[in-house]
Structure formats: C-alpha cells, structure tokens
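Visitor: I would like to go through the terms used for this structure and see what each one rests on. Please take them one at a time.

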Amino acid sequence: MSSTTTTLEVHGPAIREIRLRSGMGVAELAAAVGVERPYIAKIELGHSRRVSPRVFAAIIAALSINDRRAILANPYGSAAEQAA
C-alpha cells in the first residue's frame, strides 16, 4: 500500500475563523477557490474534511495564510504517518 497522500485533511472551523477575520464571505471564498459555495460550507462545518491539493492551495492563497499548518486538521502528521 502506498503512503502517498492524494488529499489533505483540513480543520474546517479554523478555515471559517480565518475567513471571518479577513471579512470574506463564503461565496467570495468559493469563487476565489473555484468551487461552489455549499462545498466551502461543508468544509467549514467539518462535513468534508479532506480536500485536493489544488483546493488546499487555493484556500491558502485566497485567505493569505502564511503557515499552511493553520488549517490542517493534524499539522504535525498522524501517528500512522509517523510510523510509516
């Protein structure tokens, strides 16, 4: 089994908090990321915890996040990833 990660697990409430602090609306973030508004809402509520690297990078860029760990669900890696 390959340990290559094709998606990233994000922390939706952190994304929501950063978005709110930046004064950006859900629809505005969705447009900047290139996805539909309901998808951003699902991410922020934790219903969609995994995103593609493209969506992850677009969220980082749209919200001007300097440290990508700010929105990762497990910024230092999971126990399984550390054991691999």
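Guide: In this predicted model, helix α3 (residues 37–45) has Ile 40, Ile 43 and Glu 44 as its buried residues.

Visitor: Why are the buried residues of α3 said to line one face of the helix?

Guide: Viewed down the axis of α3, the buried residues fall within an arc of 95°, so they line one face. Their cover includes α1 (12–22), α2 and β2 (50–51). After α3 comes Gly 46, with a positive phi near 85°.

Visitor: Why is the packing of α2 against α4 called oblique?

Guide: Helix α2 (residues 26–33) and helix α4 (residues 53–62) pack at about 125°, with their axes 9 Å apart. The crossing is right-handed.

Visitor: Which residues make the contact between α2 and α4?

Guide: On α2 they are Leu 29, Ala 32 and Val 33; on α4 they are Arg 54, Val 55, Ala 58, Ile 59 and Ala 62. By class, seven are nonpolar, none is polar and one is charged.

Visitor: What makes Phe 56 count as buried?

Guide: Phe 56, in helix α4, has 5% relative accessibility. The cut-off for buried is under 20%, so Phe 56 counts as buried.

Visitor: Which residues does Phe 56 touch, leaving out those up to four places away in sequence?

Guide: Phe 56 touches Leu 8, Val 10, Val 51, Arg 68, Ile 71 and Leu 72. The C-alpha atoms of Phe 56 and Glu 9 are 9.2 Å apart, although 47 residues separate the two along the chain.

Methods: Residues are numbered from 1 along each chain as its sequence is written. This is a predicted model: local features need pLDDT of at least 70, side-chain atom pairs count only at pLDDT 80 or more; totals for chains, interfaces and linings use all residues. Side-chain values use heavy atoms; hydrogens and water are left out. Axes are lines fitted to C-alpha atoms, for helices over the stretch in contact, and angles run from 0 to 180 degrees between N-to-C directions. Helices (H or I, at least four residues) and strands (E, at least two) are DSSP runs, numbered from the N terminus. A crossing is left-handed if the near helix is turned anticlockwise from the far one by less than a right angle, and right-handed if clockwise. Contact means heavy atoms within 4.5 Å. Ala, Val, Leu, Ile, Met, Phe, Trp, Tyr, Cys and Pro count as nonpolar, Asp, Glu, Lys and Arg as charged, and the others, Gly among them, as polar. Buried means under 20% relative accessible area, exposed over 50%, partly exposed in between (1.4 Å probe, protein chains only). The arc is that of the directions from the helix axis to the C-beta atoms.
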